[in-house]
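Reader: Can you walk me through this one? I'd like to start with the open space, then go to the ligand.

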Amino acid sequence: MNFSNSTVFDCSIIDVSKVHNDKGNITVVENGANIPFDVKRIYYLYDIPGGESRGGHAHYELEQYIVAASGSFDVILDDGLNRKRVTLNMPNFALHVFPGLWRELDNFSSGSICMVLASHKYDEKDYIRDYYKFIKLKK
Ligand code: TYD
């Protein structure tokens with residue numbers, strides 16, 4: 001999937017498994033094992049004020065796994081033709097997001113943590129922050 005041909009229907013929730021233990025669970029994401037790209041960067045959003053939304057951009061190249069490491073939030077995906085709202089609320093499930101999709105995040109529960117595993121290092125040139133530019137480029 002690349003910038004031009006990706007759609008919201010390509011983005012699914014992946015079960016990244018869980019090692020259960022009575023003393024607590026552990027989830028492992030390992031390059032070459034249970035993620036289809038090599039992770040170059042991990043970042044997380046936290047202390048998000050109530051009612052706030054994040055995102056509001058698309059990427060040319062970046063591929064991501066988005067995980068609700070704690071609490072819950074929604075990811076709204078838009079490919080220029082279709083929109084899809086996905087609720088994330090379990091740390092052992094990841095939303096696989098391809099390049100070429102506009103995304104917004106909202107409905108953050110109090111204390112939630114949004115962890116993102118990313119295929120590339122941070123590069124502002126990879127962002128499209130203007131929705132109308134995104135729509136034009138997608139056509
Ligand atoms: P941005 O990706 O726009 O945030 P969100 O989509 O969550 O609303 O990033 C917000 C700011 O943080 C932006 O000015 C650049 C900075 N930033 C980095 O320096 N490195 C990173 O890896 C990320 C994700 C953001």
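Reader: What volume does the largest pocket have?

Author: This is a predicted model. Its largest pocket holds about 240 Å³ of space.

Reader: Which residues lie closest to the centre of that pocket?

Author: Tyr43, Leu45, Arg54, Gly55 and His57. They belong to a lining of 14 residues.

Reader: Which strands each supply at least two residues of the lining?

Author: Strands E2 (41-45), E3 (54-59), E4 (64-70), E8 (102-106) and E9 (113-118).

Reader: How does the lining split by class?

Author: The lining of the largest pocket has 8 nonpolar residues. Another 3 are polar and 3 are charged.

Reader: OK, ligand next. Which residues surround the ligand?

Author: The shell is Arg41, Tyr43, Leu45, Arg54, Gly55, His57, Tyr122, Tyr127 and Arg129. By class, that shell divides into 4 nonpolar, 2 polar and 3 charged residues.

Reader: How much of the ligand's accessible area does the protein cover?

Author: The protein covers 61%. On its own, the ligand has 530 Å² of accessible area.

Reader: Which elements give two or more residues to the shell?

Author: E2 and E3.

Reader: Switching topic. Where does Arg85 lie?

Author: Arg85 is in strand E6, residues 83-88.

Reader: Why is Arg85 classed as partly exposed?

Author: Because its relative accessible area is 48%. Partly exposed falls between the 20% limit for buried and the 50% limit for exposed.

Reader: How far is the C-alpha atom of Arg85 from that of Val8?

Author: The two C-alpha atoms are separated by 9.5 Å. Along the chain, Arg85 and Val8 are 77 residues apart.

Reader: Last one, Ser6. Where is Ser6 found, and is Ser6 buried or exposed?

Author: Ser6 is in the segment before strand E1 (13-15). Ser6 counts as buried because its relative accessibility is 2%, and buried means under 20%.

Reader: What lies 3.4 Å from a polar atom of the Ser6 side chain?

Author: The backbone oxygen of Gly100.

Conventions. Residues numbered from 1 in each chain as written. Predicted model: local features only at pLDDT ≥ 70, side-chain atom pairs only at ≥ 80, totals over all residues. Heavy atoms only, no water. 1 Å grid on protein atoms, 1.4 Å probe; cavity = no way out; pocket = protein on both sides within 12 Å on 5 of 7 lines; lining within 4 Å. Points joined across faces, edges and corners; volume = space filled by probe spheres on them. Helix = DSSP H or I, 4+ residues; strand = E, 2+ residues; numbered from the N terminus. Nonpolar A, V, L, I, M, F, W, Y, C, P; charged D, E, K, R; others polar. Near = heavy atom within 4 Å. Areas by Shrake-Rupley, 256 points an atom, 1.4 Å probe, with all protein chains shown as cover. Buried < 20%, exposed > 50% of the residue type's maximum accessible area, 1.4 Å probe, protein only. Polar contact = N/O pair within 3.5 Å; in protein donor to acceptor, adjacent residues only side chain to side chain.
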